[in-house]
Amino acid sequence: MTRINVGVIGAGWVGGIRANACAINPLVDELHIAEIDNARAEAIGAETGAARVTADWKVIAASPQIDAVIVASTPESQRFPIVRAALEAGKHVLVEKPVAPTPEETDEAIALCDVGDLKLAVGYTRRFDPKYAFINKAIKAGEIGEPVTCLVSRNITREIGAKIKGRSRMSPAAMGGTHSIDFLLWCLQPRLPVKVYSQQSGKLFSRVSNTPDHQWIMVTMDDGTTITAGSGWVLPLGYPQYSQSWIEIVGTNGALTVDDTHREIRLNTAADGIRYPLSSMPGEPVDHVFAGAMVDETNHFVSAVAFNRPVLATAREARLVMDVTMAADLSAITGEPVDLILDT
Ligand SMILES: NC(=O)c1ccc[n+]([C@@H]2O[C@H](COP(=O)([O-])OP(=O)(O)OC[C@H]3O[C@@H](n4cnc5c(N)ncnc54)[C@H](O)[C@@H]3O)[C@@H](O)[C@H]2O)c1
């Protein structure tokens, strides 16, 4: 069996899930971790039995014995030097979205992959959720005929919103909306986006920062299909890291309605009232199993590297998503639709 050595850079919430997934993946021989928070580094090292835990990501990016690197550090704006160094050192990379803060840097990463024949996967975890995979399969198989319009409305609790707005000025489109845009562009391939309109609203976070609370994005595809993706981060506090989504896909011969609001389990306690477990975006461990898509996504990346298979969510696709979310942010400022001129 081909086994690989994996480095995880940034082992917080998401990096911790990915490190734990690698630790029990039989295709992974050694796990190496870079984490600058000493207490977290110690805890994740003990949890995963990592071969090495360091505070210096450069050691991981440069290490000749490491085949693949997962980059999950924050803030997002400071991650590109890590991605570039890992690619320049010949490592395959899985990076949380966005690949880089700018399109130019994203293109640089793609060029490095092309030169080095490397994989650059992007953490679009929704693609690995069976409900979302089903929608993609049904649309591509023509089960609802030609798609006419697609809606994804996603909201998360203000707990995560506060965490995100504290570390970056990225918009709801770039942070949460990017997952929905990636998902819908994937479902609608080979159609391409041609026009984007967006509006933001801010009544809560905007009192203390210039972060909006919610953003709607409307996209027209080149065959006339419309997309509407909403992303907000001010739901009241609920189950830790609660997220909820509604999905409606309407086609010429049918419709798909998917409830992703996580109401299937209700836990009601005297201390905390009603809560909805297993409702975070990446998922969460439950004793010996993992409920959610992030472990499957991590395992997919490990297999792709070990067996030299393609990755599902590529940096080129993420670059297209970035074109859409940047156009959305521009449209939200100007109040005008933005035409996309793509050189694909
Ligand atoms: N795919 C999904 O479903 C999903 C869900 C949530 C978050 N995310 C994304 O995952 C990323 C990580 O989010 P998070 O919530 O885990 O963040 P987090 O803040 O919990 O974790 C980031 C970790 O990186 C560490 N770090 C920062 N700089 C570092 C450096 N230079 N070297 C090593 N470690 C460093 C921090 O100490 C922290 O432990 C974000 O980009 C976020 O948008 C993805």
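This is a predicted model: local features need pLDDT of at least 70, side-chain atom pairs count only at pLDDT 80 or more; totals for chains, interfaces and linings use all residues.
Is Asp117 buried or exposed, and how many other C-beta atoms lie within 10 Å?

1. Asp117 is exposed, because 9 other C-beta atoms lie within 10 Å and a residue counts as exposed at 12 or fewer. Its position is the loop between helix H5 (103–116) and strand E6 (120–122). Although Asp117 is not a glycine, its phi is positive, at about 50°.

2. A positive phi is also found at Leu278, a residue other than glycine, where the value is near 60°. Leu278 belongs to the loop that runs between strand E14 (273–275) and strand E15 (284–286). With 14 other C-beta atoms within 10 Å, Leu278 is partly exposed, because that class lies between the limits of 12 or fewer for exposed and 20 or more for buried.

3. The peptide bond joining Thr74 and Pro75 is cis, and omega is about 0°. Pro75 sits in the loop between strand E4 (68–71) and helix H4 (80–88).

4. A cis peptide bond also leads from Gln189 to Pro190, with omega near 10°.

Notes:
Residues are numbered from 1 along each chain as its sequence is written. Helices (H or I, at least four residues) and strands (E, at least two) are DSSP runs, numbered from the N terminus.
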